Each structure stands twice: as C-alpha cells, then as structure tokens.
Amino acid sequence: MRLPCPICGDRDRREFYYQGHATMLNRPSADAGTATWDDYLHNRENPAGETRDLWHHEAGCGAWIVVTRNTVTHEVSGAVLAEKAKT
Amino acid sequence: MRIAGKGLNPDGAPLSFTFDGKPYAGREGDTLSAALLANGVRLMGRSFKYHRPRGALTAGSEEPNALVTVGADARQDANIRATTQSLYDGLSARSQNAWPSLKHDAMAVNDLAAPFLSAGFYYKTFMWPKAFWERVYEPIIRRAAGLGALSGDAVEEIYEKAFAYCDVLIIGAGPAGIMAALTAAKAGADVILADEDTQMGGRLLAETGEIDGHAGSDWVKRQLEALAQMDNVRLMPRTTVTGVYDQGTFSALEQVSEQNAPLNTPRECFWRITAKRSILCAGALERPIAFPNNDRPGIMLASAVRAYLNRWGVAAGKAVTVFANNDDAHRTAMDLIDAGVRVAGVIDSRSDAKAQGDYPLFKGAQVIATKGRRGLQSITVQDANGTHEIETDCLAMSGGWNPSVHLTCHMNGRPTWSDDILSFVPMDGSIPDMSVAGAARGKFSTLECLEDGIAVATAAVTSLDLKPQKTETPTAEDTPYAIEALWQVEGKGRKWLDFQNDVHVKDVRLAAQENFRSVEHMKRYTTQGMATDQGKNSNVAALAVLADATGRGIPETGTTTFRPPYVPVSIAAMGAGSQGHGFAPERHLTSHTASVDRNAPMIEVGLWYRASYFPKPNETTWLEACNREVNMVRNHVGVCDVSTLGKIDIQGPDAAEFLDFVYCNTFSSLKENRVRYGLMLREDGHVMDDGTTARLGPNHYVMTTTTAAAGQVMKHVDWVSQALRPDLDVRFASVTEQWAQFAVAGPKSRELLNTILDEQIDNDSWPFMACGDVSVAGVQGRLFRISFSGEHAYEIAVPARYGASLFGLLTTQAEAMGGGLYGMEALNVLRIEKGFITHAEIHGRVTAFDIGFDRMVSQKKDCIGNAMSRREGLLDSEREQMVGLKPVEIADKLTAGAHLFVEGADAVSENDQGYVTSVCHSPTLGYDIGLGFLKDGPNRYGERVMLVDHVRDNHVLCEICHPVFIDPEGGLARG
Amino acid sequence: MVKLIARTACAGLLPKTIGTITLAEIAAAPVTLIAPHRGQKKATSDALKAAVGVGFPAPNRCVGIAPRAMWCGKDQALLIGVGCPELRGTACIDHSDAWAIVQIEGADAVAVLSRLTPIDLRATEFKAGHTARTLIGHMTGGITRLGSQSFEVMVMRSMAGTLVHDLTQAAENIAARAVNAR
C-alpha cells in the first residue's frame with residue numbers, strides 16, 4: 001500500500017501511522033456537552049466506499065494528513081495536509 | 001534415462017547426490033527431479049493422507065507430489081519441490097511421510113482403510129468420545145498425515161529483504177514476457193523482468209519449436225543478452241512474484257543460493273517491488289485427467305515429459321504412452337520419437353483425433369485402469385473396439401491447459417470461464433494497472449504469445465506517456481489449440497484430482513451430496529486445493545466435477561479464491577534481518593560503554609539500554625547493590641544517566657498558549673528560568689504522560705516526557721499543532737538526542753556540581769525548580785534543579801558529544817564524596833519511597849483524579865482532555881485511586897500485579913478492591929512498600945487490605961497509607 | 001582545570017570497507033535545526049542566503065555543499081557546517097550532536113540501501129541534492145544523495161551502532177552474493 005504525502009509524494013505505507021477517521025479534526029468546544037464529546041471520541045461510521053482518514057507521516061516529514069480512500073476498492077484518491085483540511 | 005546429446009546442457013559437469021542415502025549421479029543444470037528420473041527413480045514420495053506411492057507429476061513449482069527434505073540440522077529445508085530444487089554436488093535429499101522407508105511405508109495401511117477416510121472423515125469419525133479429540137485422535141492424525149518436519153534448530157543461513165521500483169514489472173519470461181520486456185524497454189521504460197525459473201524462457205526451454213528459424217532456447221538466449229545490455233532493464237531470474245498488493249506493490253521471492261552456499265551468502269531475498277504498470281506473463285499450467293488410479297509414479301503431465309526430455313535430456317520412461325483430450329499433447333509423442341524413445345501409444349478421447357506422426361493412436365479412447373504398485377507398469381485402454389492392455393512405464397497425460405490467473409485474483413478479482421479453451425481466463429481490470437499477456441490469458445500458440453507480449457506492452461508504455469517503437473513479431477508456430485472436454489473417466493478405482501491432498505472424484509461428489517455445494521465449502525470439506533500447490537493442478541477439474549455433481553455449469557460454480565503467496569514463502573525470508581541486533585534498533589546512551597565496563601547489567605527500556613545497577617565486587621545480589629545505591633543517594637550523592645527522557649524544544653509567539661492547551665495545568669504563568677511539573681491528558685480524560693517543562697525564554701520552553709512515551713508525545717504535539725490548533729504559531733523539534741543529561745541527587749549534589757561548574761551555584765542562584773544555562777568545564781550546558789528522588793537534586797545537560805566525558809567526571813567526583821553511580825533499580829526505589837508515579841501507575845486507565853491530581857486540571861481554560869475528565873464516573877470516589885501500601889508484618893514481601901481484597905473476603909474478581917502497581921524494598925524504611933490503586937483509597941488510610949497474588953501465591957496483610965513514604969513536606973528537595 | 005572531551009557518534013565503529021562499499025562517519029557539526037515561524041519562510045531564506053550563502057531548501061532537497069541546508073521535515077531544515085546566523089522569526093535549535101551521519105559510497109551503494117529503505121532510489125527519481133525522511137531498517141532517519149554512488153544516511157545519534165550494524169550486514173550480503181550466488 002502506498003499513500004500520497006502532500007509534501008513527500010508517494011510513499012510506502014510503513015512510513016505512516018494510522019489514526020482514524022477525519023472526524024477527529026472537528027473537535028467540539030469545551031462546553032459542547034457529554035453527548036457531543038462522546039460522539040466525537042467514540043462513534044464512527046463504517047462506510048463501504050469512500051472514506052477520509054487521518055495518517056501521520058511519522059517516519060517521514062511529520063505531517064498529519066487526511067487521506068481519501070475507498071474501503072471497497074482500496075483506491076487512494078488523494079491526500080491533503082490536516083492543517084489545511086476543511087472538514 | 002539420460003539421452004545422449006539431448007537437453008539444453010548436454011555437456012554439463014557431473015554432480016553426485018544422494019536420495020534417501022543412496023548415491024546417484026546427475027549433471028549441472030538438473031533439477032533434483034530431472035536427476036532422479038535420469039537415474040530411473042520414479043518413486044519420490046508418499047501422499048499426505050493415504051501414503052500412496054507418488055512420483056513427480058510436473059516439472060515446475062506447481063508440483064504436488066515430489067516433496068523432499070534437503071539438508072540437515074540448521075540447514076534442513078522441508079517440503080522442497082524436487083522439481084525446482086537445483087542440483088548441486090553433494091546434495092542430500094530425503095523422502096517425507098514414509099516410515100520405515102519410501103518403498104515399505106507402514107502407514108500405507110491408511111490406503112486400505114480408505115473407505116473410512118473419505119472427505120469429512122475427521123468430522124464424522126472422531127466426534128466421540130469428545131475428550132478423545134485432543135488427547136488421542138489429533139496426535140495420531142497429525143503423526144500419520146503430513147509433510148516434512150522442521151529440524152528444530154534455528155536457521156543459521158542469511159535471508160534478505162529488499163525494495164525495488166520500476167515503471168513496468170513483467171512477471172514471467174516466456175515468449176510473451178520477453179517480447180513485452182523488449183517492447184517496454186525500447187520505449188524507455190524502466191523494466192523489471194522477473195521469472196521463477198533458474199533460467200528464463202518459460203516453455204521455450206521445454207519445447208522444440210523454432211522462433212525466427214532458431215531453436216527456442218537459442219532465441220531466448222539472444223533476447224536476454226539484448227535485454228541485459230540495456231541500462232533500464234533489470235533481469236530477476238529465480239524470482240517468483242508471490243503476491244499483488246495495493247497501489248502497484250508486489251512481493252517476490254528470490255532464490256539467491258542453494259543449501260550448499262557458504263553461510264555468509266543469502267539463501268533467499270524477499271522483494272517488495274513497486275511498479276507503475278505490471279504485465280502478467282505467467283503462462284499456463286497443464287492439468288491432469290481424473291481416471292482410475294491416475295496417481296502412480298510414472299504418470300505425469302505431458303508437458304512435464306517434454307520438459308524433462310527437451311530441457312534436461314531425460315526420458316521419463318522406456319515405453320511411453322500419452323493420454324489427452326487435445327492436439328498439444330501429441331507433441332510429446334513426436335518429441336519422444338525424435339529422441340529415439342519408444343511411444344507405445346497415444347490415447348485421445350476425441351473421436352476425430354489425428355495422428356501427427358508414426359505412433360499407435362487410439363481415437364475416442366480412454367485410460368480406464370492402471371497397474372504397478374510402486375511405479376506404472378501397464379494401462380488399460382478402452383475404445384470402440386474394446387479394451388487393450390498396454391505395457392508402459394510412463395503415461396504422459398494432458399487434460400488441457402489452465403492460464404495462470406492466480407495473481408489477477410489477489411485483489412478479489414474473479415476469473416471468467418472461456419468455452420474456447422475450457423478454462424478460466426483473467427477478467428480485465430482485476431488489478432489496477434495490470435494487464436495480462438500470452439498464455440496467461442488463453443493465447444496458447446507461440447506466435448500468439450509473442451504478438452500479445454508486444455501489443456500489451458505497447459499499450460502499457462503508451463499509458464505511461466512513453467513512445468513505443470515498432471517491434472517486429474518473430475516467426476513461430478501458430479497451431480490452433482484443439483480441445484474437447486474430458487474431466488473424468490468412469491471406472492473402478494479412485495480417480496485422483498488433488499494429488500497433494502489425496503482428494504478424488506468421489507470426495508467431491510460426496511461433498512455435493514452432503515450439501516457442501518458451494519465451491520468454498522467443498523474446498524474446506526474435502527481439503528481440495530490446499531497446501532503447497534494450492535490446487536494449481538487440480539482446481540479446475542475439481543470444479544468441473546462439482547459442477548457436474550450439482551447440475552450446474554462451471555461458470556455458475558465459480559472458483560475458490562486465490563490468495564498470496566503464489567508459492568510457499570519461507571518465514572525466514574519474510575523475517576529477514578530482524579533477528580539478533582536487527583530485531584529492533586538499540587539506543588545507546590553516551591554512558592553505555594562506561595556502564596558496561598563497570599559490569600552494570602543493561603536492561604531494555606523501550607529501545608534504550610539502561611544500567612540496572614552498578615555492582616561492587618563484594619555484592620552477590622542485585623538487591624545489595626540497589627540498597628547501597630539508594631542509601632548513597634539519601635546520604636551522600638548519586639549520579640544517573642537520564643538522557644532517555646524525551647526532550648522537546650518548543651518555540652514561537654504562541655508557545656505558552658500551546659502548552660496551556662496540551663497540558664492540563666498552566667504554563668503561561670511559569671517564570672523564565674523556572675521548571676514546572678506538568679500532566680498531559682488524552683482527549684478522553686485519562687492521563688497520557690507527565691514530566692517537567694522548563695521556560696528558557698519568553699517564547700521558548702523545553703518539555704520533558706517520560707522515556708516510555710517520548711514518541712507518543714511527539715506525535716501528539718504534532719497532532720495538536722497541525723490538526724487541532726493550526727491557529728497557534730509554534731514550532732518544535734525533539735532534542736532528546738542533542739543532550740546528554742545526568743541526574744545528580746543527594747545532600748551533596750550541589751557540592752559535587754560546584755567542582756565542575758565554571759561558576760559556583762548556591763540556593764539563591766539555583767533554588768528548587770530553577771533552570772538555566774551553565775558552563776560545565778568550559779562547555780555550554782544546562783542545569784535544572786529538579787528531583788525524582790525527593791532529595792536535593794539537579795539534572796545537568798551537555799551536548800551529547802561530551803556525554804561520556806561528563807559521565808566519567810561526575811562519577812569520579814561523586815565517588816570522592818562517598819557517592820557514586822546509581823541505576824534503574826535504585827531510581828525506582830527512590831521514586832516509590834517518594835510516591836512519584838511512572839507509567840506503572842499512569843498505565844492508560846487512570847485519570848488525574850485517580851492519582852490525586854484532579855486539582856491540576858485547570859477549570860479556567862480548555863485543554864486536551866479537560867471536557868471528558870469531568871464526565872460521569874470519572875470523579876467517583878468509588879474509583880480505584882492511588883494509595884501507598886506497607887506490610888503489617890514488616891518482614892512480609894509485597895509483589896506488583898497482586899490484587900487487593902477486604903480482609904477475609906474470597907480472593908475472587910467480584911471482591912476485587914484494587915491492585916498493586918509498584919513495589920520495592922525500601923532500605924530507608926527497612927521494609928517493603930508499594931503503590932497501588934484501591935477503591936476509595938484516600939479515605940481509607942490506616943485500614944487494612946489483603947494483598948493476594950495468585951500467580952506467585954503471595955498473601956500479605958497490608959496497611960493502607962499515603963503514597964508519599966518519606967519527607968511528605970518536601971523539605972529535602974528544597975534543601 | 002578539568003576539560004570535557006568530545007566523542008563523535010560513530011567513534012570506534014567506522015570507517016570500514018566491505019566489498020565495493022566504504023562507510024565513513026561525516027563530521028557535520030555545527031548543525032542547527034531551523035524552523036521559520038508562520039509566514040517567515042521567505043524572510044528566513046533571504047536572511048540565510050545573505051548570511052551564509054544558502055537559502056531555505058524546498059521539501060526533499062538539500063542545497064549547497066559547505067555550508068549546506070538540508071530539508072528535514074515539515075517546515076524544518078538543518079543548517080550544516082556553519083554557525084547559525086541571527087534569524088528573526090525563526091526557531092533555531094542546536095542539533096550538532098543529535099545525529100549519527102554516515103556516508104556510504106561505492107558501486108553497490110544503491111543495492112545496500114535498497115535492503116534498508118522503502119524509498120525509490122533510482123537515479124532518475126532520486127538525484128544528487130535530493131533528500132528524504134524515511135525508514136532505514138527499523139529506524140526513522142534521512143537519506144541524501146551526494147553523487148551517483150554516494151549517499152549520506154542519518155539516524156538519531158543513539159542508534160549509531162544499529163545503523164552501522166544494518167549497513168554492514170546489508171553490504172556483507174551484497175558482497176557475498178557477488179562471490180557465491182549462482
């Protein structure tokens with residue numbers, strides 16, 4: 001498996017650390033309430049098809065990136081820096 | 001029988017080898033099976049389940065029968081296919097699954113019991129009594145069934161792993177692969193041509209047909225020379241592409257050397273190849289016909305008989321017969337006759353078959369019986385005229401050819417059925433950016449393969465925006481593939497489908513009858529298609545039988561799923577380089593050599609190696625050394641290398657705000673040149689890590705992390721900065737490796753430091769929690785007045801190049817003051833006595849509340865973990881919270897990992913009150929002490945609990961106490 | 001007067017020659033990690049160029065020879081071989097002692113590194129002056145191409161022994177292959 005780092009280009013999957021769905025970017029406010037926080041922390045969709053998830057180019061440039069990929073075909077269709085990702 | 005002058009290497013050097021201890025002669029270029037056949041040895045193994053005598057069925061990696069063990073002890077390789085094992089001088093091979101000998105195998109009684117051992121017999125026969133399965137049945141079955149055995153010795157040989165990249169990966173170097181490689185290379189593509197065989201050329205090495213008027217093997221040689229001349233071509237012979245993975249990555253196994261190579265030479269290399277395009281030119285595999293007793297040694301595939309003859313100059317028999325349903329197999333008869341071998345008859349199931357040469361042809365005929373216990377002696381042929389018995393010691397059979405579609409199925413692709421060739425062909429687009437050429441997609445004539453290789457490669461390079469040059473197609477045979485379906489022959493006796501797993505036609509029918517009608521169910525019920533050959537010879541025929549038995553067509557029946565690896569891959573190759581020092585990086589401190597020189601046992605802390613303790617000559621146990629080191633720190637001064645703690649340099653206009661966000665307590669209020677303890681939570685409100693952070697300037701901090709969590713915290717601050725708070729302007733970098741840092745702890749710590757600092761310090765210039773730059777023997781360093789022991793203590797840091805030197809200096813000075821070095825054991829005792837936590841306590845399930853730090857979680861700001869740290873249940877007094885423990889009887893020993901129970905309660909999980917995380921013997925107090933977590937612990941000081949350690953069988957009555965055992969007011973550290 | 005003695009990361013481990021390969025430690029100090037604050041990259045680059053003659057490198061590039069500036073991660077570079085000038089709006093962090101840096105040179109240099117790193121080292125893709133942060137064996141680190149058969153490999157200082165071990169093992173395997181493989 002290879003992932004397209006927006007800074008380094010296509011790299012082997014073993015350079016990356018997998019975090020989880022990109023929903024982690026939408027951090028609730030401190031007073032958003034337990035239900036919202038519970039959703040943010042624990043509840044995830046399990047899509048058959050396109051999904052966006054977070055990877056850290058840990059053994060590379062250190063960028064956190066959002067990768068768009070398809071869980072059925074395994075196609076990777078793009079990646080952007082997390083700091084620039086609009087969720 | 002070797003035929004003089006035949007084969008590709010007729011003048012090969014003679015080699016001697018043994019099989020089951022008996023010496024034989026072979027020649028350079030032989031495979032083991034070719035050499036055995038040359039010596040007239042047909043019996044090469046016993047079958048898996050029934051221990052039936054078997055010989056080589058094939059001449060390639062798909063071999064199901066001729067599995068042998070090569071070498072011995074640490075160099076023993078089991079389940080080696082004799083058909084791919086290159087012969088070398090002195091090779092020693094043994095047969096498998098036979099006792100006492102291959103000829104007289106006691107377990108062959110299984111064959112007589114066959115009626116009771118049909119498909120699914122495990123499930124039916126060994127159901128009762130239940131308890132017998134594990135103790136009786138399974139061990140017996142395991143002993144009886146089976147393949148080769150491991151030697152039990154660790155592998156001494158070297159294996160490698162490597163990566164490679166190319167524009168176009170071509171898998172298989174037969175006519176299609178070679179033309180594809182030439183076409184792609186001439187267009188300027190970076191090409192890898194990988195082929196599993198020792199020699200490239202595929203079937204061209206085994207056939208007599210000419211290309212451009214030259215022998216096929218000569219043509220191959222010339223093309224390979226041309227390819228080898230090109231800088232953009234990498235030829236990888238003996239390299240089997242074993243798997244296809246996402247985004248154009250492939251695994252491949254290279255056989256680098258044989259078992260006789262010097263031990264410093266790699267045996268195999270496991271490649272990970274990344275290609276923009278791939279072209280599968282894997283060819284096709286011939287399939288057997290299921291007729292009664294079709295498994296006797298001497299019954300082989302027609303293509304294998306040709307290969308042994310044309311490539312190795314070996315006649316597989318003296319009087320050969322051929323049984324086929326297609327024209328292709330007639331070539332075998334022709335080649336044998338040309339070589340002077342007698343062909344006793346060609347049996348063709350087609351009524352319109354035509355003889356292509358001077359041999360007896362039986363049209364519309366079938367082989368209905370065979371004879372010969374340990375090798376074929378005769379066959380019985382039935383045709384319109386009745387039955388005929390023919391004396392023959394080799395029957396070459398061909399049920400047609402199956403394209404090698406395997407790799408196209410590795411990403412869930414399904415092949416489609418072709419009525420033209422009566423087999424499966426790959427579906428287009430099964431693998432992104434892979435195309436298939438030649439016989440692998442059912443183009444069976446040599447000319448078709450050559451043409452297809454050019455066409456497919458032209459398309460591939462065009463898609464890479466390269467300009468293909470016109471490549472002329474060489475001239476070659478273009479015989480149509482004439483085949484008529486023949487899957488099974490009725491008659492008395494078992495008609496074997498899967499030779500490797502002893503599955504025959506009746507087993508498949510039985511599966512269907514017992515409602516295992518899905519092809520995947522049939523596979524599991526019968527074991528059809530398992531083990532080393534993965535059904536390469538048998539799957540299609542078995543499907544045809546299943547289709548017939550279930551009244552469905554073959555396309556509806558479908559295939560089982562081909563998965564990686566295409567051929568067996570040794571574990572040693574996959575784990576190459578990861579043994580011994582290659583297992584994990586070893587992080588050495590600058591004090592490493594000095595510590596080892598002092599006989600300190602080094603223990604692994606993550607990847608770091610740290611000194612456990614520094615034994616004195618008179619000390620016989622680690623505890624003696626540890627107690628001495630603790631007392632030394634408490635009474636004099638000790639020195640310990642603490643460079644393993646993570647250090648992160650943090651700078652920027654928003655550095656303070658950033659720290660306030662990642663730590664649950666506040667750092668914006670920290671004064672310059674001061675250090676503060678910080679607690680970091682995870683977003684779910686549990687403790688992630690702790691450590692001290694120093695403020696070196698208005699916008700400049702240095703954070704320390706625990707050794708264990710250094711990597712995790714670095715990743716976390718990257719995450720927070722990039723993903724959650726990109727609004728904050730802050731930069732950071734790890735400086736863990738830049739600084740060698742040593743703890744100097746004890747009442748004489750300042751006295752010691754003043755012997756090496758260029759400017760003297762006192763309590764006013766360096767009060768508790770002060771920090772700043774210092775000059776250490778002329779070198780710019782940093783000094784932090786912090787304590788992990790409760791004593792008056794410092795940590796002093798210098799650039800790592802001076803680490804070894806400073807460590808030596810500190811050691812000398814400390815020893816001159818009655819102090820010295822201390823290791824991890826003493827460090828641990830010192831911190832437990834003082835009630836300081838480590839990751840033994842903050843193990844991932846505890847909150848700030850649990851460790852009594854809930855007031856550190858600032859209520860005035862948002863920070864990571866703040867919101868969730870206050871959720872229901874996390875502030876409950878019934879939670880297990882940190883306490884100290886001491887034995888009521890002071891001689892009693894505490895053990896970590898034990899659980900806590902109310903005195904007198906049953907020590908069962910329902911009564912669990914908590915657990916013990918850290919224990920030590922406190923030389924300061926004279927008895928064992930411990931830290932642990934206990935329900936409502938802080939309100940139970942003075943009460944008693946029973947410590948129960950089921951693992952070590954330890955029961956100790958303990959008193960619950962405050963977790964800080966010494967100097968609770970902290971006066972010592974403030975000195 | 002006591003004096004602290006400096007010791008390099010690979011002291012006692014290198015140099016060595018194995019087959020076509022030579023391994024030698026590169027003494028790079030001083031090394032400064034430079035990380036411009038937001039919006040300061042251009043200004044930092046200009047200031048660097050004016051002061052030491054090399055600008056802030058693009059991602060995956062190494063510019064200059066002595067001194068040189070080597071990209072080393074998102075928004076970061078290492079200034080190597082010269083003291084760090086005064087750079088406003090930039091975090092400057094001393095990294096002179098943070099790395100073990102080894103030069104690998106020889107006909108089989110690419111073959112050796114291919115045993116250890118998953119990046120594409122082909123000369124058409126990874127040219128002189130290209131640098132990459134990647135894995136070297138199980139270690140994170142950096143690889144820079146110095147010439148057609150010459151590379152510089154860097155890992156955390158504490159892993160110097162493992163780096164030398166891994167490079168040595170790979171080079172020995174390649175050398176043995178050349179002699180003994182079929």
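Predicted model: local features only at pLDDT ≥ 70, side-chain atom pairs only at ≥ 80, totals over all residues.

Visitor: OK, what is the secondary structure of chain A?

Guide: Chain A has one helix and six strands, and read from the N terminus the elements follow the order β-β-β-α-β-β-β.

Visitor: And what box do its C-alpha atoms fill?

Guide: Along the principal axes, the C-alpha atoms of chain A fill a box of roughly 40 × 30 × 20 Å, and of the 87 residues in the chain, 33% are buried.

Visitor: Which strands form the open sheet?

Guide: Four strands of chain A form it, in the order β3-β4-β5-β6 with antiparallel pairing; the edges are β3 (17-21) and β6 (76-81) of chain A, each of which pairs on one side only. From one strand to the next, the twist averages 30°.

Visitor: What packs on that sheet?

Guide: Helix α18 (residues 710-724) of chain B does, touching β3, β4 and β5 (64-70) of chain A, and the direction of helix α18 of chain B makes about 80° with that of β5(A).

Visitor: Switching topic, how many residues does each chain give to the contact between A and C?

Guide: Ten residues come from chain A and ten residues from chain C, and on the side of chain A that touches chain C there are five nonpolar, two polar and three charged residues.

Notes. Residues numbered from 1 in each chain as written. Chains lettered and ligands numbered in written order. Contact = placed C-beta atoms within 7 Å. Nonpolar A, V, L, I, M, F, W, Y, C, P; charged D, E, K, R; others polar. Helix = DSSP H or I, 4+ residues; strand = E, 2+ residues; numbered from the N terminus. Buried ≥ 20, exposed ≤ 12 C-beta atoms within 10 Å, placed from the backbone. Pairing = 2+ DSSP bridges. Axes fitted to C-alpha atoms, helices over the stretch in contact; angles between N-to-C directions.
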